[in-house]
Amino acid sequence: VALTFALAAGSTQPALVPTGTRVAAPPPPGQTEPVMFETERELSVTAATLDAAFTRDPAADRFADHRASLLGREPRAVSIFEGDTAVEHALYIGHATLFAQQPAMDEWHVRVQLVRDVATPDPRTLAWEVWNGGDGREGDEGTALVVVEDGTAQLTKSGTLVFQRPPEAPLLALDGRTSRWLRCRLLTPITTAASKQDGM
């Protein structure tokens with residue numbers, strides 16, 4: 001039978017439950033003697049508590065935050081090894097003045113120089129946008145940018161991206177730096193699988 005040992009309320013030091021510790025359970029129906037159990041091995045009971053529980057599922061490029069399920073008022077079972085939310089892969093490009101609304105600019109040209117081109121790129125879908133501070137999840141995307149020309153072939157080679165003149169990017173802080181930001185999100189999941197996976 002599985003036994004659970006817990007420290008007394010307010011205890012901050014660990015406690016040792018030695019091998020052979022006896023535990024009594026109430027007598028079964030129709031009997032008067034308690035049922036006795038005995039531990040098979042030594043156990044250290046610590047004062048640690050569960051503060052958070054996350055799953056990272058690299059093969060599916062997903063993660064899950066189980067805090068609400070495990071630590072809420074009514075804990076419920078979770079699939080601990082499966083992610084339920086896509087991992088965000090994003091590139092942010094910031095410039096405080098160039099990405100402001102400038103009447104003379106009909107297009108924005110962004111030159112991308114890669115260390116090396118991708119020889120045989122997997123198919124991918126990118127979403128370019130003016131970042132509005134959101135996390136990119138459904139309903140919280142930025143203002144979409146219209147790509148007039150993509151000389152980078154979806155960021156797989158060096159080249160120039162030409163964007164139709166978008167609305168002014170707001171000044172926002174990102175990692176302690178305030179600027180106006182363009183964001184590129186990779187919508188195609190990444191997998192760690194060694195073999196080719198459709199749609200990844």
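Is Arg183 buried or exposed, and what is its relative accessible area?

A: Happy to walk you through it. Arg183 is buried, and its relative accessible area is 0%. In these terms, buried is under 20% relative accessible area, exposed is over 50%, and partly exposed is in between, with a 1.4 Å probe and protein chains only. The areas themselves are computed by the Shrake-Rupley method with a 1.4 Å probe, and for residues only the protein chains shown count as cover.

Before we go on, please keep in mind that this is a predicted model, where local features need pLDDT of at least 70, side-chain atom pairs count only at pLDDT 80 or more, and totals for chains, interfaces and linings use all residues. Residues are numbered from 1 along each chain as its sequence is written, and side-chain values use heavy atoms, with hydrogens and water left out.

Now to the partner of that arginine. Arg183 makes a salt bridge with Glu129, with 2.6 Å between the closest N and O atoms. The term stands for a side-chain nitrogen of Lys or Arg within 4 Å of a carboxyl oxygen of Asp or Glu. Arg183 sits in strand β15 and Glu129 in strand β10, so this pair links distant parts of the chain, 54 residues apart. Strands here are DSSP runs of E with at least two residues, while helices are runs of H or I with at least four, and the numbering starts at the N terminus. Glu129 is buried as well, at a relative accessible area of 3%. As a general point, side chains of opposite charge can pair when their charged atoms come close.

Glu168 comes from the loop between β13 (159-164) and β14 (171-174), and it is twelve residues apart from Arg180 in strand β15. Arg180 counts as buried at 12% relative accessibility, whereas Glu168, at 40%, counts as partly exposed. Back at Arg183, salt bridges that share partners join it with Glu88, Glu129 and Arg185 into one network.

Strands count as paired if DSSP finds at least two bridges between them. One of the contacts places Ala173 with Thr178 in β15 as its bridge partner. Strands of a sheet pair through backbone hydrogen bonds, either parallel or antiparallel. Together β14 and β15 form a hairpin with two residues between them. Asp175 lies in the loop between these strands, and its phi is positive, about 50°, although it is not a glycine. Asp175 is exposed, with a relative accessible area of 80%.

The end of β15 leads on to a further charged pair. Lys196 forms a salt bridge with Asp122, 3.5 Å from N to O. Lys196 lies in the segment after β15 (177-186) and Asp122 in the loop between β9 (107-112) and β10 (126-130), so the pair ties together parts that are 74 residues apart in sequence. Lys196 is exposed at 61% relative accessible area, and Asp122 is partly exposed at 42%. In the whole structure, the search finds six salt bridges.

Asp106, Glu107, Glu149 and Asp150 form a patch of negative charge on the surface. Such a patch is made of residues with over 30% relative accessible area and no salt bridge; like charges are joined within 9 Å, and nonpolar side chains (Val, Leu, Ile, Met, Phe, Trp, Tyr) within 5 Å. Asp and Glu count as negative, Lys and Arg as positive, and His and the chain ends are not counted. The charge is placed at CG of Asp, CD of Glu, NZ of Lys or CZ of Arg. Glu149 belongs to strand β12 (residues 147-150) and is partly exposed, at 47%.

Ala153 has a positive phi near 50°, in a residue other than glycine, and it is partly exposed with a relative accessible area of 36%.
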